[in-house]
Amino acid sequence: MVKRGLPLLVFVLVACGGGKGQVTPIPAADASLRTFIQSAVDSNLTAMGEHWGTSRGSAASTGVPADYQKRMAIVQTYLSGIAFRVLSNEPRPGLPNERVIQVELTRPGCVNVVPFTMIRTSHDQWLVNEFDLEKVSRPGRACGASDGAPR
């Protein structure tokens, strides 16, 4: 009976990788973006730095730019208190390692659609690479208000 079960056990171990390390799933661009924004909503600057960067890697792992923690604090201020919804996720024409994700950002009395550019690293990790902070409504201000008038 043991000899009959051995081939099955070997097959299961081979199919599952034989217990050698774990395979980390490659996150989708929109999943990484959702984590970035939710981290901002949750005031988790560390997680934000892990999901923002360049093709070389996250700002948290590369330390580039040197002031990334300050930048994450500013972005977190803008994204705090918002609700968000991904509207589209499209490849950037001619750039297979980049995607543009349109996100609806909602704050009471204010809805903006903001494009986020995502970039894939050489380790198949998707990161927020850029977005226009000016298109995000400022906390405590009316949608589109640029003069600083309170709501």
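Two strands pair if DSSP finds at least two bridges between them, and the strands and helices named in these legends are DSSP runs numbered from the N terminus, with helices (H or I) of at least four residues and strands (E) of at least two. The structure is a predicted model, in which local features need pLDDT of at least 70 and side-chain atom pairs count only at pLDDT 80 or more, whereas totals for chains, interfaces and linings use all residues. Residues are numbered from 1 along each chain as its sequence is written, and side-chain values use heavy atoms, with hydrogens and water left out.

**View 1. Strands S5 and S6 with the pair Phe116 and Phe131.** Strand S5, residues 110-120, pairs with S6 in the antiparallel sense over 5 bridges. Phe116 stands opposite Phe131, which belongs to S6.

**View 2. The open sheet of four strands.** In the order S3-S4-S5-S6, 4 strands form an open sheet with antiparallel pairing. Strand S3 (83-92) and strand S6 (126-131) stand at its edges with a single partner strand each, so one side of each is left without a neighbour in the sheet. Direction ignored, neighbouring strands of this sheet are turned by 30 degrees against each other on average, the axes being lines fitted to C-alpha atoms, for helices over the stretch in contact, with angles running from 0 to 180 degrees between N-to-C directions.

**View 3. Helix H2 across the sheet.** Helix H2, made of residues 29-41, lies across S3, strand S4 (95-107), S5 and S6, and runs at about 40 degrees to S4.

View 4. Thr117 has its place in strand S5 and is buried, with a relative accessible area of 7%; buried means under 20% relative accessible area, exposed over 50%, and partly exposed in between (1.4 Å probe, protein chains only). When its neighbours within four places in sequence are left aside, Thr117 is in contact (heavy atoms within 4.5 Å) with Arg92, Glu98, Arg99, Val100, Leu127, Val128, Asn129 and Glu130.

**View 5. Arg141 in the segment after the sheet strand S6****.** Arg141 lies in the segment after S6 and is partly exposed, with a relative accessible area of 23%. Although Arg141 and Gly109 are 32 residues apart along the chain, their C-alpha atoms are separated by 9.6 Å.

**View 6. The whole chain for orientation.** The secondary structure comes to 5 helices and 6 strands, which run from the N terminus on as α-α-α-β-β-α-α-β-β-β-β. Of the 151 residues of the chain, 29% count as buried.
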